[in-house]
Amino acid sequence: MSAWSRREFLRGSLVAGTGLAAGIGFPKILTAQGKEPIKVGILHSLSGTMAISEAPIKEVVLMAIGEINKAGGVLGRKVEPVIEDPASNWDLFAEKSKKLLLQDKVAAVFGCWTSVSRKSVLPVFEKNNGLLFYPVQYEGEECSKNVIYTGATINQQATPGIDYLMSAEGGGKKKFYLLGSDYVYPRTTNKILRLYLTKVKKVPESAIAEEYTPFHHQDYQTIVGKIKSFSAAGDAAVINTINGDSNVPFFKELANQGVTADKTPTMSYSFAEVELQTLDVKPLVGHLASWNYFMSLKTPDNLKWVKAYKEWCKGHSIPDKQCVTDDPMMHAYIHVHLWAKAVQKAESTDVEKVLKALEGLEIPSPVGKYKVDEKNHHTWKPVYIGKIREDGQFDVVWKTKSWVRPAPWSEVTYPGRDCDWSNGGKGSFDVVGGKRMWLSDKS
Amino acid sequence: MRALAVVLAAAWVLTGLGGVAAAGPGALDLESAARRLAAPATQKGALGELTASSDPAVERLLRALKDGALYVWKGRLVILGDDAGLTDVAGRPLLDAQGQPAQLGSGQEAVALDESHFGVVQRILERFEVLGKDPAKRQSAAFKLGTSGDPSAIPVLARAIEGETNRDVRAALEDALAKLRLRAPDPADRLGAVKQLGRRASEAAVPQLQALLAEETDPAVRAAARTALQDIDRFVAQRNIVGYLFNGISLAAVLLIMSLGLAVTFGLMGIINMAHGEMLMLGSYTAYVVQEIFAARFPAYADSYFFVALPLAFLVAGLVGFALEWGVIRFLYGRPLETLIVTWGVGMILQQGARLYFGDQTSVNSPTWFRGGVEVLTGLIFPWSRIFIVGLALVALGALWLLLYRSYAGLKVRAVMQNRAMAACLGVSTRRVDAVTFALGTALAGVAGCALALIGTVDPEVGKTYIVDSFMVVVLGGVGKLVGTVVAAVCIGLSNKLIEPAIGGTAAAVYAKVAVLVIVIWFLQWRPTGLFAQRGRAATETA
């Protein structure tokens, strides 16, 4: 039975509304393949501008696969990684994902970092009914059937950051300077944050400033001058979504012009421990970041994981200085184990069955228990606020009391919109007059 | 201040000796206060009692509570120190049965600080900080007490002012006191505070003054508040203009130092060197390598690395430029298109080489004396690193001018560039002059890269951000004229930094760049030869 006919078959069975038929068809393939390894794809840039962030993700995915194989594999079969390097090139992401799905016939793909790369592979996964695990925090407003989003949604990173800054602990800030690079993630995040600030937090429009700089912008003199005036009364904070290298001149200028973290803290959403290792940390010390995981967390599970990763680094000649763990790495590591557990539970690598098994699935993680939402393909997790230390690590200064529910559609931008893939759900929907209107039906 | 110190010392001794009970009337019973602090029901009341305390033991206790280092352990309250040692609430170290320092094992329970009381604890701790040892902390605590709007902090601030010797901290304390006095019941007090804030042109006090204006009934205070706000506005406007001018000059210096090398290679020699940005990159990486070597080998002199890096960057970029001229460019003289493509290729090779060897992002730490800046006006700081770049640009410009126009070597360079055949006839080795001149241009780029690493990034693609600006400066200035390069850098720098604040919206930085580019294009349409065109035979020769 060829892959093509199987997919046709699946589609037919879906139309008929009987997932059962696919279930009958599948064991044949399994017996045909016998104890052959299960192939999974790794689709992260190992060269080009994104390599700095994405290469460590490949390492932890391989590490997790190694652990699974050591424990006997999945369904008695070994897991075999197929590594593709899309070289930070968005078109190449789509091409390589096509190769992984059609040629290598992988059971799942762990991959992508930037939103552009995710958007570029999305049609490929949806058309070929693949399964993508995406480990990075993102702007939301997406809920694909074929993607499991393990990184944070806006309400699991960005808005808790605001909550913290406005609390007594965070300095009771009342004014916010939203500063970012000019592309989709900062623009969407800030659009949501602005609405969150004005609607939920009742911050007046006049107390919010918004500004974008192009990629690789170097001269932050004027902007820092504006921030200084904006925050003169000591009641303002900066929300930073600047991407990559521009953070260096920005933080240097902040420090040199005497804007201190103590009086005007900067809350950053786009760099973690890995990126901090490459920067001059001194001007950043005391500023804040919001994530679902920090390497410095003192939980037994995390200490164990960090130790295991240090061992891994030694075995793979990764220099000690670069051997750090961070939030996207934690998500990537956990989602490999999530997939394995789901396959084990479903007793099949079939995408439909694995997706079904993933609904509400829980596993232990370095941040405690970790759960896939029952409906919307995102995950539940705690949120931490960390203060940057001299050594490029974070002191955890605040955490949410419990898991935060993932909301791919922000309540402030799309009130009433949510996503449900369980029990015949068709993804994103609006509630109109108490009834669900599926977005896929509208178009 | 001395009297206070005596009181503090006395309190310290008393608590240190465990003489809480023996202390006179009015002294605080630390044990019982701590116990009530630990119980959720009485936490608020206990905090209220501790507000006015100046006992260092109270500071320790509250800090432990705030940091989650206060525990109930074996039925008593203990504080976990940074060294993992345990003390009781009075600060005495605890020993276990063997006489060893006690350790937290199991069964301890952290005392929780109710979230709603966090602010109160913070305020009380700031009162201690404002009398503390670290001037930066004193200043910041003073500022926070001033904005807290809590008049009960007035006595502490007044006490702190008496003993303060640091000028900046004193000013911060006085500002804070004035801000709190804006809410004093006596109109005369308020008037005094308003006048003081106006006199200091304190931008930080604007929200408080506006709040006062909204509720104030006393006409004299109202009038004074309005004047004060106007004074502050005027001061801020004037200060901003100074700031914009400095920003412009600083950007001009950055542009000048970036394009000086290009003014030699492109301006004088007419070589379109697309690898110019990569020559800057070489300088930046030299700074990075020297910094890493110093950090590894001579950590005690880590700050001095920059003085080694600067001349070394000159040498490294110069040598690479020399090799580039000798290996490639000399075969392509008079063929500008080929030169353009070849040097672009060399630039890409250097980029990829840097990426392979150094990875994608590294950064240079400024030496400690380049951190921070000098406060020229209240709230306006000129960063040392930018002042240094302005100075370096001027020095490099002066040196280049002396070399080209006041030295024998410069005479030969100019002779070759203006009339190659004639110079050769007179016995000048044009080959050698070409090579050395090109190397000089790239060496200057190396110095620029080294200096710019202080304020920017170091990454393989950093050259791309420099090259366009450099060419723009040289072309606008007029090819072949040093003075043109200088004037063009100043014009572009100033206009960019004066336009940027004038543009509102969310992407002023982009629009300012676009506006400058449009102006430059328009100007070149009108005067294609740039600001300072070469005239006469030299012009026809280089054209």
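**Helix H13 of chain B passes helix H18 of chain B in a right-handed crossing.** Handedness is right-handed if the near helix is turned clockwise from the far one by less than a right angle, and left-handed if anticlockwise. H13(B) covers residues 305-327 and H18(B) residues 430-452; helices are DSSP runs (H or I, at least four residues), as are strands (E, at least two), numbered from the N terminus. The model is predicted: local features need pLDDT of at least 70 and side-chain atom pairs count only at pLDDT 80 or more, while totals for chains, interfaces and linings use all residues. Residues are numbered from 1 along each chain as its sequence is written, and chains are lettered from A and ligands numbered from 1 in the order in which they are written. The two axes come within 7 Å and cross at roughly 140°, which makes H13(B) oblique to H18(B). Axes are lines fitted to C-alpha atoms, for helices over the stretch in contact, with angles from 0 to 180 degrees between N-to-C directions. Angles under 35 degrees count as roughly parallel, over 145 as roughly antiparallel, 65 to 115 as roughly perpendicular and the rest as oblique. The contact of H13(B) with H18(B) has 17 nonpolar, six polar and two charged residues. Nonpolar means Ala, Val, Leu, Ile, Met, Phe, Trp, Tyr, Cys and Pro, charged means Asp, Glu, Lys and Arg, and the others, Gly among them, are polar.

**Helices H11(B) and H19(B) cross at roughly 65°.** Their axes come within 8 Å, and H19(B) spans residues 462-477. The two helices are therefore roughly perpendicular to each other, and the crossing is right-handed. On H11(B) the contact is made by Leu255(B), Met258(B), Ser259(B), Leu262(B), Ala263(B), Phe266(B) and Gly267(B). H19(B) supplies Tyr466(B), Asp469(B), Ser470(B), Phe471(B), Val473(B) and Val474(B). Residues are in contact if their C-beta atoms, placed from the backbone, lie within 7 Å. Nine residues of this contact are nonpolar, three polar and one charged.

**Helices H20(B) and H21(B) pack at an angle of about 135°.** The axes are 9 Å apart, and the angle makes H20(B) oblique to H21(B). This crossing is right-handed. H20(B) contributes Ile492(B), Ser495(B), Asn496(B), Ile499(B) and Glu500(B) to the contact. The residues on H21(B) are Ala508(B), Ala509(B), Ala512(B), Lys513(B), Ala515(B), Val516(B) and Ile519(B). By class there are eight nonpolar, two polar and two charged residues.

**Chain B touches chain A through 41 residues of chain B and 40 residues of chain A.** Seen from chain B, the elements that give two or more residues are H5 (118-129), H6 (135-148), H10 (206-215), H11 (219-268), strand E6 (380-383), H20 (482-502) and H21 (508-526). H11(B) gives the most to this side, with four residues. The side of chain B that touches chain A divides into 15 nonpolar, 20 polar and six charged residues. The predictor gives the complex an ipTM of 0.82 and a pTM of 0.84.

**Chain A is divided into domain 1 (35-152 + 299-379) and domain 2 (158-268).** Domain bounds come from an automatic or database domain assignment. The C-alpha centres of the two domains of chain A lie 32 Å apart. Four residues of domain 1 are in contact with four residues of domain 2. On the domain 1 side, one residue is nonpolar, one polar and two charged.

**Chain B is divided into domain 1 (2-123), domain 2 (130-217) and domain 3 (245-542).** Taken over C-alpha atoms, 61 Å separate the centres of domain 1 and domain 3 of chain B.

**Confidence is below 50 in one stretch of chain A and under 50 in one stretch of chain B.** The score is pLDDT, the predictor's confidence in each residue, from 0 to 100. Chain A averages a pLDDT of 88, with 92% of the residues at 70 or more. Its stretch below 50 is residues 1-33, which has 20 contacts in the model beyond near neighbours in sequence. Chain B has a mean pLDDT of 86, and 92% of its residues reach 70 or more. For chain B the stretch under 50 is residues 8-26, with 16 contacts beyond four places in sequence.

Notes. Contact = placed C-beta atoms within 7 Å.
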